[in-house]
Amino acid sequence: MKDVYKSKIGPPIMFPLVTVGGSFIAMLFTRSWPAVAATGVVTLVMIHMCFNTYYTIAGNWLLVKNSFVINKKIDIGTIKKIVPIKNMLSAPALSMDRLEIFYNQNESVLVSPEDKEEFVERLKGINRRIAV
């Protein structure tokens, strides 16, 4: 069984996307082709990240995917605790409404699933020792 949870997208991600996308359109009208190319690439990368940031629970594994940047595979049995957190650290999370997942000895990852409660309950259903 495989459950996929899309990342919640918050204003800190939407604002730069709209700004860069708007710049791209403005550059098209001015025919500033180097600027069109630069803003076009940045806009496409940001859109790709928005549609390709998600978390998959498959068997005993949590797969964290952030576009072509991050691809982590975490054994759910090694997860120690999950803590709600709001910070600006770079992470495979498109919202400030995040969860920090602590696993193995000293590792953690930040995620922002749209349905945090269901996501946490699903993980706890596999590993009941997870502290929340």
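1. Let me start with a pair of tyrosines: the bridge partner of tyrosine 5 in β2 is tyrosine 55. The strands involved, β1 and β2, pair in the antiparallel sense over five bridges; two strands count as paired if DSSP finds at least two bridges between them. Helices (H or I, at least four residues) and strands (E, at least two) are DSSP runs, numbered from the N terminus.

2. Before going on, the ground rules: this is a predicted model, in which local features need pLDDT of at least 70 and side-chain atom pairs count only at pLDDT 80 or more, while totals for chains, interfaces and linings use all residues. Residues are numbered from 1 along each chain as its sequence is written, and side-chain values use heavy atoms, with hydrogens and water left out.

3. Overall layout. The chain has three helices and seven strands, and along the sequence they follow the pattern β-α-α-β-β-β-β-β-β-α. The C-alpha atoms fill a box of roughly 60 × 25 × 25 Å along the principal axes. Of the 132 residues, 36% count as buried (buried means under 20% relative accessible area, exposed over 50%, partly exposed in between, with a 1.4 Å probe and protein chains only). Among contacts (heavy atoms within 4.5 Å) between residues at least 6 apart in sequence, 47% join residues at least 24 apart.

4. The four-stranded sheet. This one is open, with the order β1-β2-β3-β4 and antiparallel pairing. β1 and β4 (70-75) are the edge strands, each pairing on one side only. Neighbouring strands here are turned by 15° against each other on average, direction ignored.

5. Helices and the sheet. α2 lies across β1, β2 and β3, running at about 30° to β2. α3 also packs on the sheet, touching β1, β2 and β3, and its direction makes about 30° with that of β2. For these angles, axes are lines fitted to C-alpha atoms, for helices over the stretch in contact, and angles run from 0 to 180 degrees between N-to-C directions.

6. Just after α1, arginine 31 takes a positive phi of about 55°. α2 (residues 33-51) has 19 residues and reaches 27 Å from its first C-alpha to its last, close to the 27 Å expected.

7. Which way does α2 face? Its buried residues are Val36, Thr39, Gly40, Thr43, Met46 and Cys50. Seen down the axis of α2, they fall within an arc of 135°, so they line one face of the helix; the arc is that of the directions from the helix axis to the C-beta atoms. They pack against β1 (2-6), α1 (11-30) and β2 (53-58). Turned away from that buried side are the exposed residues Pro34, Val41 and Leu44.

8. α3, by comparison. Phe119, Val120 and Leu123 are buried in α3. They cover an arc of only 95° around the axis, which puts them on the same side of α3. The buried residues of α3 pack against β1, β2, β3, β5, β6 and β7, whereas exposed Glu117 and Glu121 sit on the face turned away from the buried side.

9. The core. The largest nonpolar core has 21 residues, and those with the most contacts inside it are Leu62, Ile79, Ile101, Phe119 and Leu123. Such a core is a set of buried Ala, Val, Leu, Ile, Met, Phe, Trp, Tyr and Cys residues joined through side-chain atoms within 4.5 Å. Isoleucine 79. This residue is found in strand β5 and is buried, with a relative accessible area of 2%. Its contacts, again not counting residues up to four places away in sequence, include Leu62, Ile101 and Leu123.

10. β5 and β6 pair in the antiparallel sense over six bridges, with lysine 81 partnered by phenylalanine 102 in β6. Five of the six residues of β6 are buried, so this strand is largely enclosed by the rest of the structure. β6 and β7 pair in the antiparallel sense over five bridges. In their hairpin, which has three residues between the strands, asparagine 104 takes a positive phi near 50°.

Technical notes:
The expected span of a helix is 1.5 Å times one less than its number of residues.
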